[in-house]
Amino acid sequence: MEAFWLPMTPNRAFKAKPRLFVAAEGMHYVEPDGRRILDGMAGLWCVNAGHGQKRIIEAIQTQAAKLDFVSSFQMSHPAAFELAKRIAEIAPDGLDHVFFTNSGSESVDTALKIARGYHRARGQASRIRFISRARAYHGMGWGGLSVSGIVRHRRDFGPLLPEVDHLPHTHDPEHAAFSRGQPQWGAHFADELTKLLQIHDPSTIAAVIVEPVTGSGGVLPPPVGYLERLRSICDQHGILLIFDEVITGFGRLGAAFGANAFGVTPDLITCAKGMTNATVPMGGVIVSGKIYEAMMAGPDSAVELFHGYTYSAHPLACAAALATLDVYQDLDLFGRARNIARVWENAAHSLKDCPHVVDIRNIGLLCAIDLRCRNNAPAARGTECANRCYEDGILIRGSGDTLLLSPPLIITEEQIETVFSAVRRALQAID
Ligand SMILES: Cc1ncc(COP(=O)(O)O)c(C=O)c1O
């Protein structure tokens, strides 16, 4: 086991007590001894259609045998164009071009670069600053890390991009604890953007980047009216709005994107994860026609954006993504998520009176449960609770003292009950 340096993992603890899977099907992972684990995390917020979807697997196999690789630098293949068109069709109106990447991190860095490139192309090269938000997770590239709002992720790696500022996050348990869906209270947090504009001249700001629902930072649904207000302040000042939809994209909120679910259209959407049901790494940036057209200035023979990756629009990823979109459509998984979200919400909030619980938040098929920190032992309760669930056959994520849940969209009512019953037992068992 020594050679593999696992990401985001306490390697020594893991290697002393490894957690290995050898197969997966539907809602379950399978351990080497055959024990089945109910996947309450959709892998890592990404296997939205459940594991082992045959249609996706066959599409990848067929594609691998037919065209294994072609670069997208001055050449391409038909499936890349078809996929871009299909994604543009389900994105909000006006977001009609797609730049392909291989991950959420690359999507974020790409979106930040496009934002700066766009302003420069329009003669506004002073617009270089990015405004992000506390508790934001935007991946692990230097750009994404610079706009990250999570101290522990940033701490060891500075200096990061200097031209970044942060809005406060929108979570205030004093006013909005145990909110179901979007909190009614908190739209005014968007006005903090106006305050930042008083410090930084608006003409220096390229873009505001937010997750429509903060994901890894603790599932924070936007207060009612908040995203609308951000949109309107950005419009007033010529600032681009980027939604990082790496988690919220592809059905998690019961619609293709959070932008569709909330009825607020950004200028760029970053996505990844559910795009291929996580079978082949792929990400993308969905861009408005306004941005694309502005970048198409200059001679026809000139490269418009000096950016891209060897594996952008990889044929296997495109085949996987096209089959994934078919599966979402044929099984109506976005509609399914929308319908079952109420059952999910009720099951989540039924834990309100369990020991240690100080807040529960949910939206779509996302949920976070905050636990009171045990004296002098931050993260102990969260970790113990997640581990107990695992022993009980349920995979959830402990992040500090917050439990995070994000199941495949195929989860049944009965399985929802199984998941939250396991969490209840775990909460009752720990001290
Ligand atoms: C909102 C958001 N952006 C970006 C990323 C980074 O994606 P990746 O791990 O594919 O690079 C993530 C990953 O969880 C994410 O949640």
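1. Helices here are DSSP runs of H or I with at least four residues, and strands are runs of E with at least two, numbered from the N terminus.

2. This is a predicted model, in which local features need pLDDT of at least 70 and side-chain atom pairs count only at pLDDT 80 or more, while totals for chains, interfaces and linings use all residues. Residues are numbered from 1 along each chain as its sequence is written, and side-chain values use heavy atoms, with hydrogens and water left out.

3. Because 13 of its 16 residues are buried, H13 is largely enclosed by the rest of the structure (buried means under 20% relative accessible area, with a 1.4 Å probe and protein chains only). Asp-332, which follows H13, has a positive phi near 45°.

4. Helix H3 (residues 54-66) packs on H13 (residues 315-330) at an angle of about 155°, with the axes 8 Å apart, the axes being lines fitted to C-alpha atoms over the stretch in contact and the angle running from 0 to 180 degrees between N-to-C directions. That makes H3 roughly antiparallel to H13 (a term for angles over 145 degrees).

5. Helix H15 (residues 380-391) has 12 residues and reaches 16 Å from its first C-alpha to its last, close to the 16 Å expected. Its buried residues include Cys-385, Ala-386 and Cys-389, and just after H15, Gly-393 takes a positive phi of about 90°.

How values were computed
Parallel < 35°, antiparallel > 145°, perpendicular 65-115°, else oblique. Expected span 1.5 Å × (residues − 1). Buried < 20%, exposed > 50% of the residue type's maximum accessible area, 1.4 Å probe, protein only.
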